[in-house]
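Welcome! Please take a look at the protein below, and then let us walk through it together.

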Amino acid sequence: MEPVRIVESRALPLDRSDVDTDQIIPSHWLKRVERTGFEVGLFSSWREDPSFVLNDERYAGAEVLVAGPNFGTGSSREHAVWAIQQFGFKAVVAPRFGDIFRNNSAKCGLVTAAVDADFGRALLDAILADHTLVVRVDVENLTVEAPAAGLTAPFPLADAVQERLLGGLDDIAITLRHAEAIAAFEQTRPTWLPVTA
């Protein structure tokens, strides 16, 4: 996992609330055995509509997704995070996130910045008014800013999640920090118990 300190980019405005994981990546995509190629399935049902925002070339290359409240609710599919990341987004800004989606995002290195609802609305409106607006998500200082629009707001992040993102630490890397203690513990285990080789 790559460290994430600051994501600064144009943003894509997904002006919808209560977006669930089945809308992010429809369930038939969960049959894939690979962990790649999910960007094609991102919002695939909605993308059939030519006017859907993801089809708008003005937002091509945006690395920040700004959405309405309750983003990522529903089932616990990690595929939703993979699809968002593989499409090119590095951060999602919304007034609220589904708990499981937020946790999956942290483990995969996708920043979820939960902002105040009024700020979220103002940011969406600013992006809709100016598709070139640059949004800055600062993981070190826990702020979301759109300087050209005069917008700035804090967002909360658990200390462990912030450390994980800043250090680029997945679950394996966190476990390996304790390799010496694990090895020492394994030496004290009774010989009749199973061991790893």
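A pocket is found on a 1 Å grid over the protein atoms alone, as an open set of points where a 1.4 Å probe fits, with protein on both sides within 12 Å along at least five of seven lines; lining residues have an atom within 4 Å of a point. Grid points are joined across faces, edges and corners, and a volume is the space filled by probe spheres set on the points. This is a predicted model, where local features need pLDDT of at least 70 and side-chain atom pairs count only at pLDDT 80 or more, while totals for chains, interfaces and linings use all residues. Residues are numbered from 1 along each chain as its sequence is written, and side-chain values use heavy atoms, with hydrogens and water left out.

| Pocket | Volume | Lining by class |
|---|---|---|
| Largest pocket | about 350 Å³ | seven nonpolar, three polar and seven charged residues |
| Second largest pocket | about 160 Å³ | seven nonpolar, two polar and two charged residues |

The largest pocket has a volume of about 350 Å³. Its lining is made of 17 residues, and Met 1, Glu 2, Gln 85, Cys 108 and Gly 109 are the closest to its centre. The elements giving two or more residues to this lining are α3, α4 and α7 (171–176); helices (H or I, at least four residues) and strands (E, at least two) are DSSP runs, numbered from the N terminus.

Among the residues lining the second largest pocket are Arg 96, Phe 97, Asn 103, Thr 112 and Val 161. Here α4 and β4 are the elements that give two or more residues, and α4 provides the largest share, three residues.

Next, helix α4 itself. Within α4 (residues 99–108), the buried residues (under 20% relative accessible area, with exposed over 50% and partly exposed in between, for a 1.4 Å probe and protein chains only) are Phe 101, Asn 104, Ser 105, Ala 106 and Cys 108. Their cover includes α1 (21–24), α3 (79–87), β4 (111–114) and α6 (159–167), where contact means heavy atoms within 4.5 Å. After α4 comes Gly 109, with a positive phi near 90°.

Most residues other than glycine have a negative phi. Asp 18 has a positive phi near 55°; this residue sits in the loop between β1 (6–14) and α1 and is partly exposed, at 43% relative accessible area. Phe 43 also has a positive phi, about 50°, without being a glycine. The loop between α1 and α2 (44–47) holds Phe 43, which is buried with a relative accessible area of 1%.

Phe 43 is also one of the residues with the most contacts inside the largest nonpolar core, which has 58 residues. Such a core is a set of buried Ala, Val, Leu, Ile, Met, Phe, Trp, Tyr and Cys residues joined through side-chain atoms within 4.5 Å.

Finally, is Asp 138 buried or exposed? Asp 138 is buried, with a relative accessible area of 4%, and lies in strand β5 (residues 134–138). Not counting residues up to four places away in sequence, Asp 138 touches Arg 5, Ile 6, Thr 143 and Phe 155.

Technical notes
Ala, Val, Leu, Ile, Met, Phe, Trp, Tyr, Cys and Pro count as nonpolar, Asp, Glu, Lys and Arg as charged, and the others, Gly among them, as polar.
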